[in-house]
Amino acid sequence: MNNALPFHDLSPDTASLVNVRFDGTEYALPEGANLAAALLAAGVTVFRTTPTSQAPRAPYCMMGACYDCLVKIDGTTRQACMTEVRKGLIVERAHTAGGVDENG
Amino acid sequence: MQAEYAIIGGGVVGLSIAWGLLKKGRKIIVLDGGDTAFRASRGNFGLVWVQGKGLTQPAYTRWTQHSATAWPTFAARISEATGHDLALRQDGGFDYHLSEEELENKVKSYEKLREELNGNYPFEVLGPADLKREEPNIGPAVAGAILHRQDGHVNPLRLLRALSDDVRRMGGPVLTGKQVTDVDKPSGFRLTCADGSVFESEKVIFSAGLGGIELGPKMGFRAPMRPQRGQVLITEKLPKLMNRPSGIIRQVDEGGVQIGNSKEEVGYDDGVTTDTITRIAARATQVFPDLARAQVVRAWGALRIMSPDGLPIYQESHEFSGAYLVTCHSGITLAAAHAMSLTDWLEGNDSAPDLEVFSEQRFAVS
Amino acid sequence: MKTADLIVIGAGPAGMAAASTAADAGLSVLLLDEQPRAGGQIYRDVKRAATVRGHILGQDFTEGLPLVEGIEKQGITQVFGATVWSIDATGKVACSVNGQGIVARGLRVLLATGALERPMPIPGWTLPGVMTAGAAQILLKQSGLVPKRAVLAGSGPLLYLIAAQMVRAGVPPLALVETQVRGDFIAALRHSVGALRGWRYLLKGLKMLRETERAGVLRYRGATGIAVEGERQAKALTFTASGQSHRIACDTVLLHHGVVPNTQAARSLGVDHVWSDRQACFVPRPDQWGGTGHDRILIAGDGAGIGGARVAEIAGRLAALRVATDLGRMTGPERDAQAAPLFRQRNRELAVRPFLDTAYPPYTGALSPDDGTIVCRCEEVTAGDIRRFARLGCKGPNQAKAFGRAGMGPCQGRYCGLAVSSLLAQENDATHDGTGYFRVRPPLKPVTLGELAATEDQTGRAG
């Protein structure tokens, strides 16, 4: 058991690992796994920060209802908990600053 | 008498008038409806808009320009009093066209109006290349745009809240959950609400939007308004995508891109329909192709308050003097004028704006 | 455009049972679910998970297997990964599948959208590391993940279940912090018939509790003042129990104080909802078959009021029988013969609910949070903000939403709606029914403009 990681994996899948990039860091994650779960298992704690106050957020409901695990994939905001891991996936943090003026 | 003025309707129109009356030291009371009342103040597009209005009635353009000019002062006063930034930006606005022919026709009508207004109608026509410089994210399908320098936008929900705050702060009671069902004038005016409560006032202003249709005739108004539905979409908060608002797309200060808005004659149905929102989405992605990747988080339908000619109505009752009907479908644009100039009209002061052209007389059957 | 006799939205117990029963009666069924595989949340990924960790998850989970197998039959078209964003009263359903807009039309539509965890707004509940107990269940079922240093907090039998499962998995939680008090249990005994059946649940619960306690998991009851400590992520849970302050350092906090119907779809159709004091949430009032005020729309499962997986399954079958009769594939007497044992079974299963609801009430501290506590996670609107809007004259949540953006974010009010309505009701001294709920409209879930735009033609052709 790797004690540095917050989750214990009951049945580690080492056979089908693929590379996924999250926020610039490469991770080897099981193909077909739930992306939010796989990132949590890999030790990612903060998935995004909120547009309102830049507060850190991570998966909360894991069932597609709370929208706290939002990430950016191919330029579109997606729910990590509703996405499956696939080879070469490039995941970015959802843009942190909403509000036109902060960006303008 | 509980109040000099009773104002029926606590939306942006009613509260703007209340705000102006309070500034002049009048004693008022605002009677507002419930949580699920039809509320154009919640569903509108947030434009402070001049172009395209009054093409057949330049007096309407002038009244609109009067309000647009008054907006900065109005916004500054409210912000100062309440601490709410209304996010007012009056840096011009676009009218996008996908067809050159359509654009040319519009330009012709604007030129004619500019002449009638002695030149006070500052617009310019931008071809694709010029437009691209102003709005780098514009799509290739856009044939051109009219940039009108007097246009702008505001955060309409913050305006509603700030007005509500400020009217209360100045002592004007705003009572919610008070749906006025009857008005009569035994001596002063007497207003009866659905919950049985009764209020009295020396004068009464009907600014209840569509609510005026049923209530107005009790005081001798024609009140010939009708609901016209507009559907609006809004995206998740996005980084800056556009510089200026247009009549159909604008980026609000929080970052969401708001897209609208249909004109549908469907009575009191304020629902959202798949055919309309998909059509609105298709048009928006033609204008700003990057929007295709943005998530729409909400959509809504709201009912405009339309008069037969689309112009506002300002009318004092002939039968019951002291009763006024104020109704329009541009409550945000006209908020500054309603707040800063309508008290003079209500009280017949010398400095009162001439609103004769907006009386109900124009609907008289000749 | 796809057409079907019956479109079922949600492939949990209610949806799967309805699809199967309807197909048996000769109906064409289109079964839509947003997850990649059938099961819903209760039987999430049961087909894969039952084999590898059925022993940890227990029999209540593996019971879902026959249901999942039951939808593999002629007449049922399954579409997974389908985000339904619009349903109208004529039976038109718009959804997005892999970025493609699809419009389908059903002669009948069954809403089987299940439940959500009751939102539990406490200080720090938005921090990374704080999840619902249901989320932990999902991580365990679908992904085989168990949090290593976790505290469970709140009330309800689900907490015992997840604690026992964690023990079986060899990763027991650090503590079980419960909010209900002994008086709640005594009050629950008044529901005598339910209590009698409740004993069986209770024994099951006690067994799980013993399993947990044997593993050395600390247990607290009657906890108040629960808060999560941390800056960038959860570091500890603090609370008061038996007059003493406690602080338990941890990495994960799992919150739970019951589940509530996911009413978004039904509300978007204008189906009437009323406040249930016992369940402390709004519930629709379908007839015994699941019929709503709309001829073509039915509703079954926890979305119609919390009854649990077995009740949901029965309700799904009943709704399918009703649709089969409506569409002339079954006579009234045939329907009634099949339905009679189902009604009896449902009454038996439901008898325990008043007992459970009273024994494990929601945590009061989260029903009336302190002013500084966020209630709308998306737009970061606090309980104090909502109270202020009430003082500004907001009688209901729609005006409060306009005043301060609560419910305007991507979750569309799913996790703040009940809190906002309750706070306004408290502050205005009004009833929940008088206060009302958010007006829910399409899109029922965020959908990209591109997907909307690409849906245009299909909808257009449909007229």
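## A tour of chains B and C

Start by selecting B:Phe45, which sits in the loop between helix H2 (40-43) and strand S3 (47-48) of chain B. Helices (H or I, at least four residues) and strands (E, at least two) are DSSP runs, numbered from the N terminus. Before you click on, know that this is a predicted model: local features need pLDDT of at least 70, side-chain atom pairs count only at pLDDT 80 or more, and totals for chains, interfaces and linings use all residues. Residues are numbered from 1 along each chain as its sequence is written, chains are lettered from A and ligands numbered from 1 in the order in which they are written, and side-chain values use heavy atoms, with hydrogens and water left out.

Stay on B:Phe45. Is this residue buried or exposed? B:Phe45 counts as buried, because its relative accessibility is 7%. (Buried means under 20% relative accessible area, exposed over 50%, partly exposed in between, with a 1.4 Å probe and protein chains only.)

Now show what B:Phe45 touches, skipping its neighbours within four places in sequence: the contacts include B:Val232, B:Ile248, B:Arg250 and B:Gln258. Contact here means heavy atoms within 4.5 Å. Next, pick B:Leu117 and draw a line from B:Phe45: the two are 72 residues apart in sequence and 27 Å apart in space, C-alpha to C-alpha.

Zoom out to chain B as a whole. You'll find nine helices and 17 strands. The radius of gyration of chain B is 21 Å, close to the 21 Å that the globule rule gives for 366 residues, so chain B is as compact as a globular protein of that length. Of the 366 residues in chain B, 61% are buried. Take the contacts in chain B between residues at least 6 apart in sequence, and 72% of them join residues at least 24 apart.

Finally, select chain C, with its 18 helices and 23 strands. The radius of gyration of chain C is 22 Å, close to the 23 Å from the globule rule for 463 residues, so chain C is as compact as a globular protein of that length. Its C-alpha atoms fill a box of roughly 65 × 50 × 40 Å along the principal axes. Buried residues make up 65% of the 463 in chain C.

Methods: The radius of gyration is taken over C-alpha atoms; the globule rule is 2.2 Å times the number of residues to the power 0.38.
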